[in-house]
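Student: I have a chain on the screen and want to learn how to read it. Can we go through it feature by feature?

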Amino acid sequence: MKRDSKFSGILHVLLHMAANPEPVTSDVLSHIMQTNPVVIRRTLAGLRKKGYVSSEKGSGGGWKLTAELSQINLAGIWHAIGESPLIALNHRTESPGCRVETAVNCLITDVCEEVQALILSRLENITLEQLVDNLQLLSAERFICPTLNKERPDGE
């Protein structure tokens, strides 16, 4: 099964935008993300509705951040781009009348909802400003990934 990388992808895009004070075109962002400019525009449209980004047409136009980095949290971004599942545990649905299947699905649903609430709670406390700070530490070769507990290789 293919993993949904929309959330991490938009964070990638937003960090590139944060590093550039000038508007960035969908074409440039799509090249960075190796996708179609339409995908970038559709994804950023949700962020525009929340007031996180704006777009300008014409020469010198493009996308730019309009909110302060410290005011944009990751949960808000997740909500703005369409709330894709944060965890991927699927139900078996071959026998909808089976009590065992129903009991298992109910338990899985409860666990997934509880875990998703915990993830969102954590994402509410992480801002784009913190991601930019981590990016600067990475550039200075002092960044440590807490989940891997080791230094990360050089990125972009």
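Student: Where is Gln34 found?

Tutor: Gln34 is in the loop between H2 and H3. Helices (H or I, at least four residues) and strands (E, at least two) are DSSP runs, numbered from the N terminus. Before going on, note that this is a predicted model: local features need pLDDT of at least 70, side-chain atom pairs count only at pLDDT 80 or more, and totals for chains, interfaces and linings use all residues. Residues are numbered from 1 along each chain as its sequence is written, and side-chain values use heavy atoms, with hydrogens and water left out.

Student: What is the phi of Gln34?

Tutor: Start with the general idea. Most residues other than glycine have a negative phi. Gln34 has a positive value, near 55°. Gln34 is also exposed, because its relative accessible area is 75%. The cut-offs: buried means under 20% relative accessible area, exposed over 50%, partly exposed in between (1.4 Å probe, protein chains only).

Student: How many helices and strands does the chain have?

Tutor: There are 6 helices and 4 strands. Along the sequence they follow the pattern α-α-α-β-β-α-α-α-β-β.

Student: What share of the chain counts as buried?

Tutor: Of the 156 residues, 29% count as buried. The accessible surface of the chain is about 10700 Å². Carbon and sulfur atoms hold 52% of that surface. Such areas come from the Shrake-Rupley method with a 1.4 Å probe; for residues, only the protein chains shown count as cover.

Student: Which residues touch the most other members of the largest nonpolar core?

Tutor: First the term. A nonpolar core is a set of buried Ala, Val, Leu, Ile, Met, Phe, Trp, Tyr and Cys residues joined through side-chain atoms within 4.5 Å. Here the largest one has 28 residues, and Leu44, Leu47 and Ile77 touch the most other members. The elements giving two or more residues to this core are helix H1 (6-18), helix H3 (37-49), helix H4 (74-80), helix H5 (99-124) and helix H6 (128-139). H1 gives the largest share, 7 residues.

Student: What is Leu44 in contact with?

Tutor: Contact means heavy atoms within 4.5 Å. Leaving aside neighbours within four places in sequence, Leu44 is in contact with Ile10, Val13, Met17, Leu29, Val53 and Trp63.

Student: Which residues of H3 are buried?

Tutor: They are Pro37, Ile40, Thr43, Leu44, Ala45, Gly46 and Leu47. These buried residues pack against H1, helix H2 (26-33), strand E1 (53-56), strand E2 (62-65) and H4.

Student: What span should H3 have?

Tutor: The expected span of a helix is 1.5 Å times one less than its number of residues. The 13 residues of H3 should span 18 Å, and the end C-alpha atoms are 18 Å apart, which agrees. H5 has 26 residues and reaches 37 Å from first C-alpha to last, close to the 38 Å expected.

Student: Which residues of H5 are buried?

Tutor: Glu101, Asn105, Cys112, Leu120 and Leu123. Their cover includes H1 and H4.

Student: Which residues form a nonpolar patch on the surface?

Tutor: Patches are made of residues with over 30% relative accessible area and no salt bridge: like charges are joined within 9 Å, nonpolar side chains (Val, Leu, Ile, Met, Phe, Trp, Tyr) within 5 Å. Leu107, Val111 and Val115 form one, with about 240 Å² of accessible area together. Val115 lies in helix H5 and is partly exposed because its relative accessibility is 31%. In general, an α-helix has 3.6 residues a turn, so residues three or four places apart point the same way.

Student: Which side chains meet in a salt bridge?

Tutor: Side chains of opposite charge can pair when their charged atoms come close. The rule for a salt bridge is a side-chain nitrogen of Lys or Arg within 4 Å of a carboxyl oxygen of Asp or Glu. That rule gives a count of 1. The pair is Glu56 and Lys64, at 3.2 Å, N to O. Glu56 is partly exposed at 40% relative accessibility, and Lys64 is partly exposed at 29%.

Student: How far apart are Thr127 and Ile72 in sequence and in space?

Tutor: They are 55 residues apart in sequence and 5.5 Å apart in space, C-alpha to C-alpha. Thr127 is in the loop between H5 and H6. Thr127 counts as buried because its relative accessibility is 14%.
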